[in-house]
Structure formats: C-alpha cells, structure tokens
Number of protein chains: 4
Amino acid sequence: RRWLTDESLSAWVEPRPVGTHKGSAGHVAVLSGSVGKTGAATLICLGAGRVGAGLVTLFIPASLNPILEVKLTEAMTYPIPETPGQTPASAALPEILEFAGDKQALAAGPGISLHPDTQRLVEGLIAQAPCPMVLDADAVTIVSRTPDLLKKARQPLVLTPHPGEMARLIGGTVQTVQENRIEVASEFSRKYGVTLVLKGFRTVVAAPDGRLAVNSSGNPAMAGGGMGDTLTGMIAGFLGQGYEPYRAACLGVYIHGAAADRRFGGVATRGMPASDLLDDVPEVIGRLERLRSRS
Amino acid sequence: RRWLTDESLSAWVEPRPVGTHKGSAGHVAVLSGSVGKTGAATLICLGAGRVGAGLVTLFIPASLNPILEVKLTEAMTYPIPETPGQTPASAALPEILEFAGDKQALAAGPGISLHPDTQRLVEGLIAQAPCPMVLDADAVTIVSRTPDLLKKARQPLVLTPHPGEMARLIGGTVQTVQENRIEVASEFSRKYGVTLVLKGFRTVVAAPDGRLAVNSSGNPAMAGGGMGDTLTGMIAGFLGQGYEPYRAACLGVYIHGAAADRRFGGVATRGMPASDLLDDVPEVIGRLERLRSRS
Amino acid sequence: RRWLTDESLSAWVEPRPVGTHKGSAGHVAVLSGSVGKTGAATLICLGAGRVGAGLVTLFIPASLNPILEVKLTEAMTYPIPETPGQTPASAALPEILEFAGDKQALAAGPGISLHPDTQRLVEGLIAQAPCPMVLDADAVTIVSRTPDLLKKARQPLVLTPHPGEMARLIGGTVQTVQENRIEVASEFSRKYGVTLVLKGFRTVVAAPDGRLAVNSSGNPAMAGGGMGDTLTGMIAGFLGQGYEPYRAACLGVYIHGAAADRRFGGVATRGMPASDLLDDVPEVIGRLERLRSRS
Amino acid sequence: RRWLTDESLSAWVEPRPVGTHKGSAGHVAVLSGSVGKTGAATLICLGAGRVGAGLVTLFIPASLNPILEVKLTEAMTYPIPETPGQTPASAALPEILEFAGDKQALAAGPGISLHPDTQRLVEGLIAQAPCPMVLDADAVTIVSRTPDLLKKARQPLVLTPHPGEMARLIGGTVQTVQENRIEVASEFSRKYGVTLVLKGFRTVVAAPDGRLAVNSSGNPAMAGGGMGDTLTGMIAGFLGQGYEPYRAACLGVYIHGAAADRRFGGVATRGMPASDLLDDVPEVIGRLERLRSRS
C-alpha cells in the first residue's frame, strides 16, 4: 500500500526534455457540460492543461459552444449535437470516436446530465473509446445502472466516484463505503478491471492488479463545487502524457490535494474556489521534478 | 449588545473537520439578476462560495443564462421563466420551491426589478420557502409594500436593508432611521420576527429574540455598487453551513467589512471594486479560525 | 499655471468620511461602445469605479448588451436603441436624458462611431444633458463639425481630445496644435466655455476662466488603445463625486499617468494594457489622501 | 550566425521616446479564429499588444464576433463574412485589404481552418497585402500547397512553421527538417524571399539575405496549445512598430522564450498556459531597454 507523498511520487515525475512540443505532450479530449453546468467543463480543461497536456479539446453541446469559447483560451472547443435539454446527444458518438482516434486520453462525465440520450452516448463511449478514459460524476452514475458495461471497454478506464457515487456503483450505502474504503475500492477495481479513485478524506486509488494507494494531501477548504472536475482534468492530463492509469490517478490525486494545501493550507478551512488551486499545480509538479533530479 | 470584532466572533468559527465535503457544506440557492443587473447575481454567488458554501445554484431569467454561465465557474445556473422585461417570472415559483426543498439556504432580491410579476414571485417565496432565506435590495422594497407578509414565512428570514430601504420598510424617512438605527432595527426585527441587518456605517444586526450587534469593521472604500450583493451572498453562505440566522448575519457583516479593511484599509478611501474584497474573505475567516483554536 | 504633481493636487483629495455610501459617491452614466468597440465602454466604466464613483451605468446598443454584462460586474448596463450598424441611435435620447436627470455625471464618445444618427444623439446630449459631461473620441470628432454646438450646453463640459482630434476641433494641423499646446487649449476653452484636456506628452488642462495646468505624470508605455478611455472614465468618476470640471480633469489626468508610472515606470516603455493601470489607481489616490492628511 | 540573447538583442530595443502615442506605435491587423479556435485569435492580439503595438484590430468571422468582444478589451474587432463553417470567407478580402492599407502589419493564420474559401482568402492576402505580414499555422499549411505563391507578395512576409508545417512546406519529412534545421530554414528563406522562423528547441530565424539566428531562450513548459499564437502576435507587434522582418522575428522569438523562462524557468517543465507568459513580456523588454541604455 503506497502512501502518496512528495517522496513516494517524485520518482514518477521526470522533468520533460528540452525538445518536448505540444504534439508530444498529449492531446486530451473532454466530454463535459450541459446547460447550467459549463463550469465543470471549464475546470476539467484547465486541470488537464495545468499538469502539462499539450492540447485539450472540449466536446460541448453546440448551443453552449459560445460560452465555452469565452471561458477557455488555450483549450479548443468542438460543438456536438445536443438533446432538447442542451446536453450531449448520442448522435455525437461517431464524431467523438473519430476525433479521439489519434488522441491520448478522454475525460467524460461532469455536468453532462442523466438524460437518456446522453446515457446512450456514455455507454457507447465506454464500449468503443479508442484511448484511455476518465469517467466522473454523471458518467459514474450512468455506469452504476449497469456496471458490467465496464467490462466491455477496450481501453483502460479510471473511475473517480465520491462516496455517494461509489455507493451507487456497488448498490450499497455511503456508510458501508466509508467504513470499508480500501476494501470497496479494491474489490470494485479488480472485479471490473478499472482503476478506481474513491474520493473523500484520504482518497484511495486502486488498480485492477491489486496496487493500492492512499492520499496524504488535501484539506477541508476543498469541500466545494468544481473540485472534482479539476481532479478529473488532472488525471486525464497525465494519461495524455503517457502515464499508465494507476500512476496517472495517483499523481492527479496527490498533486490536486498538494496544490490545495499550498494555496490554502495555512489560510482557512473554507472558501477556496476550485479554479484557485490550478495556479499552484505547476509549483507542486516542479517540486516533484526537482526532488527526482536530486535523488 | 455585541460589538462585532475578531475576538467576539471567533468562538463561532470552528475550523472545519477533515471529512468535510461539498455535500455537507451546504447548498445555497440564489434568485438574482435581470437585464443590466447580472453583476449582482454574480457577486452573491461568489460571496456565498468565499465563506465556504459547498454548492451554489443561481436561478436566472432564461435569456440571461449564457451571461451568467460565462461569469461564474464554480457556481451552477438554473434558467427560469422570465417576464417580458427579462426579470424573474412568478411562473418559476414551483420549480424554485421544489429545487430548494433539500437545500440549506436561499438568497433573493438583488437586481430582480420591481416588475409586478417578479413581485408575485418574491411574495410566493416568502410565504413558502422551505429553507432560511436572505432578502435584499428589490426583495426588501417589495416587502415594504406589505410587510405583514413576513409573518407568513415558515422559515427564518434575514433582511438586509440600507437606510433608504429601511425607511421604506417602516414608512419613515432616512433621517429617522439614521438617528435611531438600533431602535429601528430592533423594533422591526421583533415586530416581524425576522433578523434585520441595517447597513451603513456601524451596521446593526438585530434578532427577533432581542439579541443585538453592532459592527466594527469596514471603511468608506466600500461605498460602491455591488458591495451589498457580496454581503448577501456571504450571509447566505453561512446560513447554508448551518449557522442560525443571527450568527450568520453577524459573521457575514463583520467578515465582509474586515475583508474590505484587509484589502483597502491602508490604501485609500475609494476605488475598491466589490469583487476585490472576495479574495480576502478566506484570510479573515482563517484568522477567526486560528483565534478560536488558540483560546 | 499649475504643475500637476502629488504635492499640488493632494489638497483636493479629501479622505472620504466614514458615512460615505454608494448613494452619496455619485452615479456616473456612460454612453460608449458599438460593434467591435466594446472595450472602450468597458474601460470607461472601470475607470469611473476605480476613482470612487458610487454607481456606474452604461448605455449600450441593445444587441451588444450581453457582451457588456459579461465584461462588467460592478457597473450596470442599460440597453438602448441602435442604428443598423449597431451603434447608439438618436431614439435613445429621451431615455438617456430622463435617466441622467438625477445622476451626477455623463461620459460620452469612445467607440460610438460617426454614424449620422449617432451624431444626432451626441448633438442632442450636448444641448440637453442635465449634468456635467465628458466628451471624448468620436464625440469630439462629432463636435468638430459644428463646435458652436458647445455653446448651447446647459451643463459644464470637459473635452479630452488627443492632438489629432484637437486639430480637427480648430480646423488646423497636428503640427500647429503641438507647437502651441497651451495656447490652443486655452483659447478653445475660453472661446467655447468648456474645460479642455489636450492629451499627449505633458497633457494640458485648460478651464474657461483661464486656469491652466500641465501634467507631470505618465510614460511612453501608455501609447496604446484604451488608455484614453480609462482617462475619460476617471474624469467622469471625479465629476460624479462632485468635483468641479477643472479639478476633476486635473485629478483624472494626473492620477491616470501616476498610476501608469506606478505600474510601469521602472519596467519598460511599452506593453502595458490599459486595464493594467486601473489596479494602481487607488494606491495613487491613497497617496494623495495621506499627503493631504499630513499637511 | 547570431545567437539570440539579452546581450545580442538589446542594441535593437530602444526605449521609446516620451512623445510616443498610439498612432505612432503601429496598428496591427489580425486574421485569426473560427468556430472552436477563438483562443488563437485572442492570444495573437494580446501578444501584439504586449510588445507595444499601439492598436490591434482583429478580423473575425461575424458570428464569432461577440465571443471575441468579450475575450479582448484593448484590441478592437472587425466582423467579416464567413463560410458556412464559421471560418473567414474570401468575400472579406476587399475589406481587409482596404482596412490594412494604412496599417503597419498583418498577422494571419492561426485557427482559420483549411476551408477552400478560407484558402482563397489567404492566397489573396499573400498576393495583395499592403503591409508586412506574419503567416502562421493554417496559413502556412495553405501556403505549402503552392509555395510559389510567396513570390507574388509585394510586402515582406514572415513564416513561422513548426517542424511538421516546415516538412509540409518543403514536401519532406519532420526528420529531415529536424536533422537540418538551419539548412532547411535558410534555403527556404532564400528561395522564396521570406523570413523563416522554424520553431522548436533552438528556434531558427533565417532572412532571405542570408542572415541567420538561433534562439537561446525557452523551456519545455512551452509545449502547449496557444504558444505559437502568442509568438505570432509578438512578431507582428514588432513589425507594426517599424522593425524590419528579420529583427521583428528575432525579437519576437527571443522575448517569447525569455518571458516563458522568467515565468516558469525555475518552476516546472510543464503546466504554463500560453496566456501566462504574456504578463512577463514587458519585464523582458524592459531588461533589454535598460541594457541598451547602459551600453
């Protein structure tokens, strides 16, 4: 069982070589957002960029595209067909699959709604995604209806449920989940062959091969909307740079909390907007890079 | 009579436990904004988040929703029916009541206009709101037509008039209000069973049970549009975290001024945008948290 | 002849009393912006707020209103009729005059275009404005067709031409203007009864009663689009707080340059966005306030 | 062969004289952006402003104009006819040529797409542009179909391909380009009479008269979307201030990397958004200005 700290993770964070360019740093595709929930999409894209993704492209219901073009500058947007409720429509599946064909990672779920046609889209993505994928929020809830779907995936999956979503996934209660965090995460991970990130105090990361990690970073000021979205983006950003799912998840989880600690650790136990910690992410990554160089 | 200071308030500001999550930190719903007045809605939502609300959802006239999706990232938006003047319509009442059913606080009023149908909406909310509510600005003016409406409320109300609005509430003059700030606030509070925040230099907070507080913080650089909106959001944010109305109001009022003092106290007596003080709110809260921990 | 410096201006900058509120700090109305030129409107509103205006309301062609609602938060917007070219239409005149009836200052001109119907609007405003007004950019160019219009104004006017606009105003050349900056400004000011701000290195401020000032602040990094707009807003902000036109112009001009010096003086002679200096305005004002308090 | 450093470049960076104004600092016109790619347009405009361009005007497909009005404040926008794919249409050519007639520089290419009608627009611009022009991204790809087009230009051109685009330009492979960076750049520059900036580690700048420079600045955190766009804007900004193409390119390339080093050099090798380095550009320019003054 790995205890996630600067020391235990720095070996994985190689300073990038001088010849690195945007084409070699990974292109992350994101499916997120619906009417009223465009902030989630924004934070995923920013999170992916902050850990070093070379390029980020957001699939967004077409009518919301102008909003995201305003909110994002370095990330690109890609308008897709939408349901009458301004959520992603299953008609977008072929386009997304084609676009993702030569990309390095996909992140899907936050703020996409549980609209039946959006569910079909997520199910199609799980079965056919041509690259590793992070599933969060609504995508996790969609999966909880028929978790066996996860076994159909051709590519590695990372799921990032909070305790309530984890309870839905196993058809149990939040209490059961919280009293058996490590067991629940490990079991689900093994059974369905996915990397499982069980969020909450002392986030657990479990890989299907049995590897297990517990996070040491983070603080209560992270208890706010949007925090999970930034984490999803960060894990996807590491996947995009070629990290295998377990390592991408461990790095995302730890650096996410460590950036929040850097920003807010000594300040207060509340009141940190999710977007604030993003600015501190590179400092934390650099700390790991330098630690590695020294050892 | 309580004099609001770091010392007198720190006992109420417990550092949050490590297991705090967005679901346990309160969900604040906000009704604010109409054409030309979307800044008010923005500042309320940001204020609620800065004091630690776990989630914030803004009800906004549907045609203005894209504007607010751009302006807000951590908060979510919820488009509602609108009047021909792009203000909140009474047709939104059922949706708002249903949504608020399992939420912890509501804030309503800034920038919603005095449109007759918007008035009906506010009146309906006061009578039927299923959670504590802060009423400010246009909502206060609406109340001033028939203050007896306040007695119908099933849940605690906090009203935050400035002296002009207070005068309207009691059918008096600003001069009367200003010459008898404490008496006016106390009387109204007792008579109508609401927590009353009378803004202006030395803001007064009066509870229906006779508790009374006077604020020590703040400075003249706060004399600008949007300041009251940030306060409304902050009080709602504390309500959402489970503080009873009088304490929520005292904390909001004091921290609002103290954040402005921190940002601008030694700088100048003018020129501070309302959004600037928000960044200083967590520092002030943290100061109170640490003071409490030491004593 | 007054040399504008910290020392010569501090006597005019009284720290505001503790009871100052947004209603007593002046409400500035702004007419600015057309398609492609919404940045000008933004900067005027921000400039007015940064010197302490209590409230700011922007009149904006209706189709552009959503853009400005996004760009501004503390200022309010007021959509007005527009020409087919998305510029302010003369049909807006009655509404603007009525709204401005109880306001303290108007700023008009930047980015409104020279559309014939917009010209009619400006001409109507000059003749009928119910409060002091700053005219800049397109409004100055419009005036230059028939400067006698200025004599019809019922309220004090401040004009803020750059040398090219000044040349148009007097039907001369830029060279003539630049070789006789003080004389040109003084003469125009006396002849038309307006306060004249002739921009450029060593900005000149001339009052119709013969008072004259030359600015000492500023640097070449201010040579960029939008700088004039921030100045217009700052002068309007001081007018709104009750300063007479000559003093408002002197304070605006000097503090504008001093804020730019504070931000960029030791940095470089280029590359400062106009919006950057706004953050430094309160620091400069505070310096003057403290200087006054000491003497 | 010039090695681009503070020392070798400072001779070219004269502190601007006190009388500099926006009309004498150059007006840069930009053609960039299509649906999903408005960030590119944003970054070019900001880049041009950050190196000191007096004015910046962006040509943008009309339906995207509101997005850019929100994203930009100091720069102006100019809506142009668009293709059904929301990309710039060739129908815009006459307007652009007329507008650019008295401007100092044009930048074209990023995010405009390869739509056939957009290609026609770019080809028309190359043949007829009335001022120096920077071609990047999609414009480079368009040129690669018929590079002889470059010989028709009446005004100096700067091309800024990354290795992949360079390969397309010469009909070769990325490997060939990377193994012969200097030769490839020099040859293309001479053959087509353009200034060639071959991006990547140790960016090469080649002038048609044989002058050659290699860049010393920059770091791997620049490997992300939008970085090239900021560079395009910076080169155009120097062109606009009257620098000849080779010097404009050398200054843009070096300062771009040096700003990134200043911001991120000691921080991390990943996670810097392109917009972040813009804030450091003036500091780097100032360093060069002061170095020049001392020598």
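Visitor: Leaving aside its neighbours within four places in sequence, which residues is A:T232 in contact with?

Guide: In this predicted model, A:T232 is in contact with A:I44, A:A107, A:P110, A:V134, A:D136 and A:T160, its neighbours within four places in sequence being left aside. A:T232 itself belongs to helix 10 of chain A, residues 227-240.

Visitor: Why does A:T232 count as buried?

Guide: Its relative accessibility is 0%. The term requires a value under 20%, and A:T232 therefore counts as buried.

Visitor: What makes B:C250 buried?

Guide: The relative accessible area of B:C250 is 0%. That value falls under the 20% limit, so B:C250 is buried.

Visitor: How do you know that A:C131 is in no disulfide?

Guide: A search of the whole structure, over all chains, finds zero disulfides. For A:C131, the nearest cysteine sulfur is that of A:C45, 14 Å away. A disulfide would need the two sulfur atoms within 2.5 Å, and A:C131 is therefore in none.

Visitor: Is A:C131 buried or exposed?

Guide: A:C131 counts as buried, because its relative accessibility of 2% is under 20%.

Visitor: How many residues of chain B are in contact with chain C?

Guide: On the chain B side there are 29 such residues, and they meet 35 residues of chain C. Between them the two chains bury about 2,400 Å², of which 56% is on carbon and sulfur atoms. Within chain B, B:A223, B:V267 and B:R270 lose the most area to chain C, together 28% of what that side buries.

Visitor: Why is the meeting of C:R50 and B:D276 called a salt bridge?

Guide: The side chains of C:R50 and B:D276 come to 3.7 Å, N to O. The limit for an Arg nitrogen and an Asp carboxyl oxygen is 4 Å, so the pair qualifies as a salt bridge. Chain B and chain C have two salt bridges between them, and 19 residue pairs in polar contact, both residues at pLDDT 80 or more.

Visitor: Which helices of chain B each supply at least two residues of the side that touches chain C?

Guide: They are helix 2 (38-50), helix 3 (65-71) and helix 12 (274-278). Helix 2 of chain B gives the largest share, four residues.

Visitor: How do the residues of the side of chain B that touches chain C divide into nonpolar, polar and charged?

Guide: On that side of chain B, 14 are nonpolar, eleven polar and four charged.

Definitions and conventions. Residues are numbered from 1 along each chain as its sequence is written. Chains are lettered from A and ligands numbered from 1 in the order in which they are written. This is a predicted model: local features need pLDDT of at least 70, side-chain atom pairs count only at pLDDT 80 or more; totals for chains, interfaces and linings use all residues. Side-chain values use heavy atoms; hydrogens and water are left out. Buried means under 20% relative accessible area, exposed over 50%, partly exposed in between (1.4 Å probe, protein chains only). Contact means heavy atoms within 4.5 Å. Buried area is the accessible area (1.4 Å probe) that two parts lose on being put together, summed over both. A polar contact is a pair of N or O atoms within 3.5 Å; within protein, one must be able to donate a hydrogen and the other to accept it, and residues adjacent in sequence count only if both atoms are side-chain atoms. Ala, Val, Leu, Ile, Met, Phe, Trp, Tyr, Cys and Pro count as nonpolar, Asp, Glu, Lys and Arg as charged, and the others, Gly among them, as polar.
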